[in-house]
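Visitor: I would like to go through this model and ask what stands behind each term. Please set the values against the definitions.

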2 protein chains.
Amino acid sequence: MADNTVNEQHPATEQWGQFEFRLNGPADGNPYEDNRFGARFSLQHRMIEVDGFYDGDGQYVVRFMPDTLGEWSFTTISSVPELDARTGSFTCIAPTHGNHGPVRVSRTYHFAYADGKPFFPVGTTAYVWNHQGRELEEQTLESLKQAPFNKIRMCVFPKHYDYNLHEPEHCAFEGSLETGFDLTRFNPRFWRHLEQRLTELQDLGIEADLILLHPYDRWGFAKMTREQDHRYLRYAMARLASFRNIWWSLANEYDLMFEKTMDDWDAIFHLIQQHDPYQHLRSIHNWQHPEIHYRNNQHWYDHGKPWVTHASIQHADLHFVTEWRQQYRKPIVVDECRYEGNINHGWGNITAEKMVECFWKGMAQGGYVTHGETYTHPENIIWWSHGGTLHGQSAERIAFLRRIMEQGPQLDTSDVPFHWDTEAGGAAGEYYLVYFGDSRPSFRELKLDESNTFTIDLIDTWNMTVERLPGEYSGAFRIPLPGKPYYALRIIRKPS
Amino acid sequence: MADNTVNEQHPATEQWGQFEFRLNGPADGNPYEDNRFGARFSLQHRMIEVDGFYDGDGQYVVRFMPDTLGEWSFTTISSVPELDARTGSFTCIAPTHGNHGPVRVSRTYHFAYADGKPFFPVGTTAYVWNHQGRELEEQTLESLKQAPFNKIRMCVFPKHYDYNLHEPEHCAFEGSLETGFDLTRFNPRFWRHLEQRLTELQDLGIEADLILLHPYDRWGFAKMTREQDHRYLRYAMARLASFRNIWWSLANEYDLMFEKTMDDWDAIFHLIQQHDPYQHLRSIHNWQHPEIHYRNNQHWYDHGKPWVTHASIQHADLHFVTEWRQQYRKPIVVDECRYEGNINHGWGNITAEKMVECFWKGMAQGGYVTHGETYTHPENIIWWSHGGTLHGQSAERIAFLRRIMEQGPQLDTSDVPFHWDTEAGGAAGEYYLVYFGDSRPSFRELKLDESNTFTIDLIDTWNMTVERLPGEYSGAFRIPLPGKPYYALRIIRKPS
């Protein structure tokens, strides 16, 4: 026992970086099941207990993401005497450039990094890019480096679906499709690979909206028992919660997982709430539109429940963003609204114009939208699922929109009515973004606060130009417009 | 009294033509109010009683639209002895070319002329074209001669609204805006003018969807009492019901006529049902979408009521046509879904592409759609209200669609599922029309009845081409598609 109390000093870790501590221990039996391992991290009056995990080969690991500068100490807790009560310490130092900490909800409907920098999620979707093997995965990372996306929807488990029939190299559990999986034993090689990809995303400034469960499955991962789910999720949290760029998405299209009840989803939310020491963002993503649920006497998972941090919604009509904001009083992220592409499926054949329109509609209302791309490909490498390269025309327009959003404030519902055929958001009296979509008035009569003056920019959202309109505007006025689709106005109060 | 019984023989009248009989009578007092006048028309066992009307200058008139060939006789009925019990007769002869009789509901969701010829309504909107003076009205008729429209939405009363501020030449009542109107005395010059325009529409094969009341008013016609409404409507029916091309639209945007209750609308439907001997089509047209009514604890006028012949709906989203068919079990006519144009108002600035898309979406589902056009004009002559000339690009595409519709059967909801991103209708096993809208799959997997073979036409709805795809199709197959918006498929069973 004496050895255990030696306090080792470990290398410094930056704020919101990842501290890791490894010990050798028993490899016999089922170490995933049999041996409890974790640690308590302390700084002054604070104590944070985190779960550790077994990483194979007799390795027991605990990871920790410190949120405060200073001298942290820790003590391990284990059911195995040789792993228990080991102590150590490390210094948490200032974050390096590009590290703003994890993303949190901010101002009810929006997001910000832990250091206060506003975060405007501009997501994309590549469900199983991390299951495609080295060459394609590296190509995906290269594409992401050039792309405007700062959030990616991706799955832990592989996907079984049209265009997705290859067997993945590794799965989260020990075993294979042929031999069956041992759902009590994890596959460290899989998890290390996933962690490598999460780190690479982090280096690119991309949040990983990690989908923990999904229905498209031939391996049995979609039909695990509650106990199996919870074992898996605790392991995932022990390994991954210390990545600052993690968001927990409980499921993609939860309402296609017919074995699970609303109680099951509640229980999973509770589990994550209890075991994620950092309280990363938590959401759940639907398949059906609410109207269809309603007709079947069902309803969406209630995003108003307190453990849901933001509404992750699939819906093709962005018009409802304002209504959802009012309903849930949380950030609204439309994480699927059909994808730019030309495949056979209805959800994957909209034009780039429509994809860009969805982004503008959603974001002008103070919501957020996620991209996806589904062009046919001779080898069936489709961005939406496999990653690879982008072939469409929406991404660069989304980049243009992202720049405009990041230049302005996070948007509230506009206090000025800009007519029902627009989507408009603003910061009362200061700033308005008014998007016309495919409406194309040749002029408009507007009315702004007459005690202030404003400048107005005409934005061609498709051709990506911003033109400052001549003059200054105040009170009621008439403004000429191009009479073509896909324009927006940016109205900014002049400093007095 | 003896003179009255002389049976005069009048000129022959064609079936569904208009027989008219005039008498001189008292002009003193208020003949509109004081003197009852009408007639009973008889053929064999049938007797039809119709209201007559006072036409000014001591003239009492009764009109009748015979529906059966043969020798009709009639006897007048009047509270004025000299107008009472006058008799006469005429021969009803076969209809001339182009006269198919009035339009009726046919096959639950559709329409047909009285002679059985199917009628596919392809409407347009020119609310007060008949209030614009001779020159412009004649230009409108000239435009209609070239246009694809066989139904026009038009008002009895003038319109007070943005772009509509001129005083009309005549109103339905005696008086003027300055002096006020005597709502117990009609203005025969106005009515004769309206009748001339109705006749000219009839000559062009155009049904007049005549809007009896509407909210856009500075003359007081929108705020008449129930008694005044009913007096006006009985007069209108006495004059106009014998026009075979009349449809009664109780109101445009009834839900903006805040003085009227649902009871008032019911009473008007009852009145029309009672006094229109020919039972012309009857409908009522809303302003708000039903969702908004619902939020205000209100609802649409219930088109399911037995006296409503078809649902006349304003809604921007044609996707709901199938749902409305199921709900009302009546023909669905989307009589406003925003207009092609570029004016400031949201309802008047959609692209031609979108207007055409609305038509295809609605008609592929076995519904019907109405056109309107709202381009800015140096003299504010805008088709939607004033008529004049058409400036847009949708009308010729609507003409193309009309030809395709008239070549095929009236459409039921498709029994073959063509995927949710299409709108599809058909005649089970025989014929399918599948519209892709702005979805743009590059191929599709379809499944048709394997015991039959089909030909498939690829229709470019925007460029107006029809291309017969090579080969014949049966059972399950994959079909290449252009991967561009605005295509449709027409699938026709080959005769065995």
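Visitor: What makes E10(A) and strand E11 of chain A a pair?

Guide: Two strands pair if DSSP finds at least two bridges between them. E10(A) and strand E11 (residues 118-119) of chain A have two bridges, in the antiparallel sense, so they meet the definition. In one of these positions A:Phe111 stands opposite A:Phe119 in E11(A). Strands here are DSSP runs of E, at least two residues long, and helices are runs of H or I, at least four residues long, both numbered from the N terminus.

Visitor: What should I know about the numbering and the kind of model?

Guide: Residues are numbered from 1 along each chain as its sequence is written, while chains are lettered from A and ligands numbered from 1 in the order in which they are written. This is a predicted model, in which local features need pLDDT of at least 70, side-chain atom pairs count only at pLDDT 80 or more, and totals for chains, interfaces and linings use all residues.

Visitor: Which residue takes a positive phi in the hairpin of E10(A) and E11(A)?

Guide: A:Gly116 does, with phi near 100 degrees, and the hairpin has four residues between the strands. In the hairpin of E9(A) and E10(A), with three residues between the strands, A:Arg107 has a positive phi near 50 degrees. Strand E9 (residues 103-106) of chain A and strand E10 (residues 110-113) of chain A pair in the antiparallel sense over four bridges. A:Arg104 stands opposite A:Ala112, and A:Val105 has A:Phe111 as its bridge partner.

Visitor: Why are H8(B) and H10(B) called roughly parallel?

Guide: Helix H8 (residues 352-364) of chain B and helix H10 (residues 394-407) of chain B pack at an angle of about 20 degrees, with their axes 9 Å apart. The axes are lines fitted to C-alpha atoms over the stretch in contact, and the angle runs from 0 to 180 degrees between N-to-C directions. Angles under 35 degrees count as roughly parallel, over 145 as roughly antiparallel, 65 to 115 as roughly perpendicular and the rest as oblique. H8(B) and H10(B) are therefore roughly parallel.

Visitor: Which residues of H8(B) and H10(B) make the contact?

Guide: Contact means that the C-beta atoms of two residues, placed from the backbone, lie within 7 Å. From H8(B) the contact includes B:Phe359 and B:Trp360, and from H10(B) it includes B:Ile398 and B:Leu401. By class the contact has nine nonpolar, one polar and one charged residues. Ala, Val, Leu, Ile, Met, Phe, Trp, Tyr, Cys and Pro count as nonpolar, Asp, Glu, Lys and Arg as charged, and the others, Gly among them, as polar.

Visitor: What makes H4(B) roughly parallel to H5(B)?

Guide: The axes of helix H4 (residues 226-240) of chain B and helix H5 (residues 262-275) of chain B come within 10 Å and cross at roughly 30 degrees. That makes H4(B) roughly parallel to H5(B). Their contact has six nonpolar, two polar and four charged residues.

Visitor: Why is one side of strand E24 and of strand E29 of chain B without a neighbour in the sheet?

Guide: The order of this open sheet of six strands is E24-E25-E26-E31-E28-E29 (chain B), with antiparallel pairing. Strand E24 (412-413) and strand E29 (465-468) of chain B stand at the edges with a single partner strand each, so one side of each has no neighbour in the sheet. Strand E28 (residues 454-460) of chain B pairs with E29(B) over four bridges, and B:Asp457 stands opposite B:Arg468.

Visitor: Which strands are the edge strands of the open sheet of eight strands?

Guide: The order is E18-E17-E16-E13-E12-E22-E20-E19 (chain B), with parallel pairing. Strand E18 (282-283) and strand E19 (311-314) of chain B are the edge strands, as each pairs on one side only. Inside the order, strand E20 (residues 332-336) and strand E22 (residues 368-370) of chain B pair over two bridges, where B:Val334 has B:Val369 as bridge partner.

Visitor: How many residues of chain B are in contact with chain A?

Guide: 22 residues of chain B are in contact with 22 residues of chain A. On the side of chain B, strand E27 (residues 443-447) gives the most, with three residues. The residues on that side divide into six nonpolar, 10 polar and six charged.
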